[in-house]
Each structure stands twice: as structure tokens, then as C-alpha cells.
Amino acid sequence: MSEHPISITDALKGKAWVFGDNINTDIIIPFKFKSRTNDPYEMAKYAMYGFDPDFHKKISKGDIIVAGRNLGGGSSREQAPVALKYAGISAVVSESFARIFYRNAFTIGLPALEIPGIKGKVNQGDVLKIDITKFTAENIRTKETFHAKEVPEFMRQMLVEGGLVEYYKKYKLFPWTRS
Amino acid sequence: MQTTTTIYSSSSSLQHLKQQDKDEKQDVSHIKNILEDNSLTFAEKIISIKNVETHSKKSKIKSVSGDIVVVDVDLALAQDSTGPLAIRSLNEMGINRLHDPSKVLLVIDHTFPAADEKVANLHALMRDFASKHNCMLVEGSISHQYILEYLANPGMMILGADSHTCQAGCVSAFASGIGSTEIAAVWATGQLWLRVPESIKIKLSGSFNKGVFARDLILDHIGKVGEDGANYKAIEWKFSNEHVRRRFSMDSRACISNASMECGAKISVFPPDEIMRKYLDKKPRINNNTGEAKIEIQPGTFAGYKDEFEIECDKIEPRVSGPDNVDKVHSVEELANVEIDQAFIGSSTNGRIEDLEVAARILKGRKVHKNTRCVVTPASVKVYEEAIKRGYVEIYLESGAVFTNATCGACVGTHLGALGENEICISSSSRNFVGRMGALSSRVYLASPATVAASAIEGKITDPRRYF
């Protein structure tokens, strides 16, 4: 587990952890842990607990989660992307995301890239490079670059600033009201 | 409409009052036009009405699926596992004023009463916040049930930091789950951005056979479409005829709207009818701003749907889902030899009075199997009181079951029915994900309260039909 979460830069690089379909928020952080703390570093100790209780110890800062369909289904818990981010995960890339998890990832400043077909293009341990300006993921091993599904510009801006709280602290307004 | 009122009522100048009058007339005609528009789905209609851009200036605007809009929110919920993080985010942003505290609802339900000191401290944080900001605070009823009992009205825009907020779709509200920091933004501004969803129409026909319930219907559907079958989409339920419509009670509609989350639905709405009106009229409504927005919305006859299904209720049999994923749906027969350690009846999905009634009917004069614990948890204080009044609690206790206070406890494995290593539970609660109710090696199967009660007696997964 890292001491500080990854700060958002234009080029994020990390090793891929590849998961299957329907990795839900109970797997990402069980209720009994997320409901007993308000501290993101404490939440990070339980990142992917449902898959492997020691997962947080195995993450290197900057690692990237790659998953199949419907990543983050189930509960609305924002603690799910928070736990991943504070455990050192720099981005989540998936065939598709569950709706609330996707919103939450942008809100808390964890890049979430929806790339259909990505699972078959990345092996466990491959190094990926993420560009959040172009919204692309590149597999360094295969030299293939994948374009993620586009998002409204205000969502990308929010991400670039590190999430909704950081955005508001900087501009004193919410990104969707800027027009 | 409410935003304009709020803005202008604070000014006494004649010009402003004239402007207000004009705006309200424009709003009324805009709403009328939208309601009568035959090309729009329910979601498109309600968002066209709640769209901030629309009712401030450009009163002719329609929102259609795919649009990104900012809407006025009538009720903003957070509970004890999402509220503390929302409060933290609000504090970090340096916001110390809520846009309209009368539209903010905090509910302490998930781990109520506090199971340990860590939870107690987070509950205290919520109480302090509610008292400082004078917003609504409810303790000891599950939020979604409380909202149905006291706050929800047709045509309301309800957002909640809880995925099962979609339950209020059963009274024809736009009700959807979001995260903690976004709910904090709603508290601060009364608004949030939304993408107008595509819609799926599901027509219901026929009637249930004995021992088959709404939960079986929605589990069966989720088994067919998968856990992301309605991701990002609105589900509109439609009754094929009057006969079918009258057979769907409010409790069964609430179960269906709630459980639609398990196939990813953004909202899951029933059309307004007299069953809904009767249900709303007989309940005490809390007098606050959330009650103003009572607009009955019927989808347009020529609205466009992404998908259409028909479900023949008479073809559905008791269903059991699990373990580990809600879309792993089986017949009872396939799982008939699975022995259980615990049977749980409760949660926002199936903890209403009709659910407790069917459980009492089956447990009456019988005993819970010696190798099985049976826990019954009502969804709210009102349901709790009604269960006592009707004598159900006596029946449970005589059968050897435990009757708890209203809480989400067992469903989320936090207290009052958590599972140990390798234990197996059949449950009427919302989810069966790995570790959901306790140990990672425990297993949860989901079913209707009838199937759970029958299983409690036999100590293994059991077809409830022999009990009817």
C-alpha cells in the first residue's frame, strides 16, 4: 500500500491486475469494513478484500485494474473506488462499468476507462500507459493503443483536477454548472 | 418550479413578483406540454420537467435519452454507511450551508442500533450534522421503506447515496442511487447532473400461481438479462390489463422496483394508478417541501424503447438465486438438497408487511429446523408495529425464530444475523455477493420470503408451494 494516492498526471503507467466479469463493490470493499471508518487510508487496507484479503499488500503504486463486464456492480459505496485509489491503484479499465461505480470513480478522481474488448488484450502483469487527456490506454508489451468511451468534458475536467472535492476547492463551483 | 419560487419569494419588488408569475405560468404550460407529449418515455418526461435549464428560461426544451442535463432534486438521502463520507466531503469543500435542509434526509439504518463503538462514532457525526443543519434525521427504519411511508410522491426527483433508492420508482418517482460526494453536492446546491437514460418496457400479464411472488418474478428476469442487463437504463413496468394491475400490491411493486437494481437499472417505475393513490392517501405525509412535487406521469404511447419484454406471471415458478451472483438463478428443485445454517426474512427488498405475513402463515404452528437459525427483520418501525398488532411476532417466537428491530444489519453482514465461515444462508435480502452477509467462505441464496420460511422449517432449500 502506498503512503499517498497517485496524483493525476497526463501519463499514468502501471502493471495490470486482470479480473473477470461482475467484480462487485462487496468484493472491492466489504460493508463491515467500509461502514466503520471515514478514513480513506483505513479503507485502502481492504481493497479487493473479497478477492484476496492481502491484495492491498501486493499492489505497487500505480498498478491498474483491468476487468471484464460490469465492474463495480451492486452497492453505491463510494468507498469502493476510494479504497482502490488509496491502495495505490492509478486507474481502472474495464469492458464496462456499473453506473454508480463509474460516476463515483470520476467523482473521487480515479480514472475509469471503458474499453470494450480490453480484457482479451491485456495479460496479468502487462504494463499499461493511460493518457487521460486523450482518454486512451496503451499496452506497452503489444504496443496497441485503445480508445476509451468518451465522457462529457466536465467529467474529464473533474478527473484532471483530482475529483469533485479538489475541483470545487479550486473553482468554488461544481463542474456541471460551468457553462 | 420550486427553484423559481425559492429565488423570487425572497424578493418583494413588484417586478420580481410579475416575473415570478410569468415564470410559473410558463412552467405550468411547459409541464402540461411535456405530460401530454406522446413521444417521450417516463424518464424523458420527468427529466424534461426537472431540468433546470428548462424551467429557468427555455421553457420549450424537451430532454431525450442520451442528453446530459442538470436537474432539481426534491429529496436527497444518505444513510449511516454513506452519510459520514458525504459529510466529510462537504467539510473538505468548505461548504457549511445546505441549499434546502428540508429536502435532506439522513437515515441511520444499516447498523442500527450501533453494533460497536466505531459505528457509534459515525452515527454521532450524523446526528451532529442533522442538528446543526436542521435536516431530517430518521433512526431505526430502513430509508427506502421510510421514504415510501412518509415522503415519496409521484413525479418526485429522489437521489440517494444508496443503490436501492430506486425502490421509490414504485410510486412513480424518478429515484436513483449515487455516491456520497455527489449527494454532498446535491445538499449544497439542490441540483445534480444526470444522463437521460434509455428505457426498457416490461409488460406483465397473467397471474401468479400459489406460492409464487413478486420476488420470484424479478429474480427470474435478472437471471435472464444478467447483472448488467439494465445498466444505465430505466425500466418501465406496464400491466397488460386491469386484472393484472389489481393483483400487484404496493408491497410487491416496491420489491420489484428495489430488486431492479440487481440488473443495474437506473430507475424502475410503475405507472400511477388508484392502488398507488390509495396507498399514498392513507399514509401520513410529512409536511415539507418534498410534498409539493406531486405530478403523475404516464409514458407516451409512441415513446421509443431500447428493449421490450413480456413476462407471463403464470409461467413463473419459485426461484432461488446464488450463490455469489444475483443472476445465477435456479429452480428450487436444482438446489433442493442444500442444507442451510440460517434463514433470513427481511431487508428493503422483502421486509414489508406482506412479506412478514406470508412468513407467519408458513411458520404458524411449526418449528424452525433444529440445525437452522431463523431471523425475521421488519423494514421499518411501522412494519414492526403492524407485525405485533397482527400477532405475527408471537408466531415467529413460538416457531423458534428471532424477531429483530428494523435494520439493514443481516443483509450487509454487519450485525443481527452475520454468517461465520462456510455457513449457508437462504435470504429474502437484496444480494448474495461473496462475503455479503459475513465470512468470505459463507454462501447466500436469495429467494422470496415464502421460500425462505419453508426452508427454515425443513433446514434445507425448500419449495414453498407445498405450504399453500
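Trainee: Ile158(B) lies in strand E5 (residues 157–161) of chain B. What makes a stretch count as a strand or a helix?

Mentor: Both are DSSP runs numbered from the N terminus, with at least two residues (E) for a strand and at least four (H or I) for a helix. Keep in mind that this is a predicted model, in which local features need pLDDT of at least 70, side-chain atom pairs count only at pLDDT 80 or more, and totals for chains, interfaces and linings use all residues. Residues are numbered from 1 along each chain as its sequence is written, while chains are lettered from A and ligands numbered from 1 in the order in which they are written.

Trainee: Why does Ile158(B) count as buried?

Mentor: A residue is buried if 20 or more other C-beta atoms, placed from the backbone, lie within 10 Å of its own, exposed if 12 or fewer, and partly exposed in between. Ile158(B) has 30 such neighbours inside 10 Å, so it is buried.

Trainee: Which residues are in contact with Ile158(B), leaving aside those within four places in sequence?

Mentor: Contact asks for C-beta atoms, placed from the backbone, within 7 Å. On that basis the partners of Ile158(B) include Asp74(B), Leu75(B), Ile147(B) and Phe174(B).

Trainee: What makes a group of residues a nonpolar core, and which members of the largest one touch the most others?

Mentor: A core is a set of buried Ala, Val, Leu, Ile, Met, Phe, Trp, Tyr and Cys residues joined through C-beta atoms within 7 Å. The largest has 197 residues, and Ala47(A), Ala83(A) and Ile158(B) touch the most other members. Helix H14 (residues 353–363) of chain B contributes the most, seven residues.

Trainee: Where does this core lie relative to the domains of chain B, and how do you know that?

Mentor: Domain bounds come from an automatic or database domain assignment. Domain 1 (72–314) and domain 2 (322–467) of chain B both give residues to this core, so it lies between them.

Trainee: How many residues bring those two domains into contact?

Mentor: 33 residues of domain 1 of chain B are in contact with 32 of domain 2 of chain B. Helices H7 (143–151), H9 (214–225) and H11 (250–259) of chain B each give two or more residues to the domain 1 side. That side comprises ten nonpolar, 14 polar and nine charged residues; here Ala, Val, Leu, Ile, Met, Phe, Trp, Tyr, Cys and Pro are nonpolar, Asp, Glu, Lys and Arg charged, and the others, Gly among them, polar.

Trainee: How many residues of each chain meet at the A–B interface?

Mentor: 43 residues of chain B are in contact with 38 of chain A. Strand E1 (68–72) and helices H5 (83–92), H6 (117–133) and H8 (180–189) of chain B each supply at least two residues of the chain B side.

Trainee: Chain A has eight helices and seven strands. Why is it called as compact as a globular protein of its length?

Mentor: The globule rule is 2.2 Å times the number of residues to the power 0.38, and the radius of gyration is taken over C-alpha atoms. For 179 residues the rule gives 16 Å, and chain A comes close with 15 Å, so the description holds.
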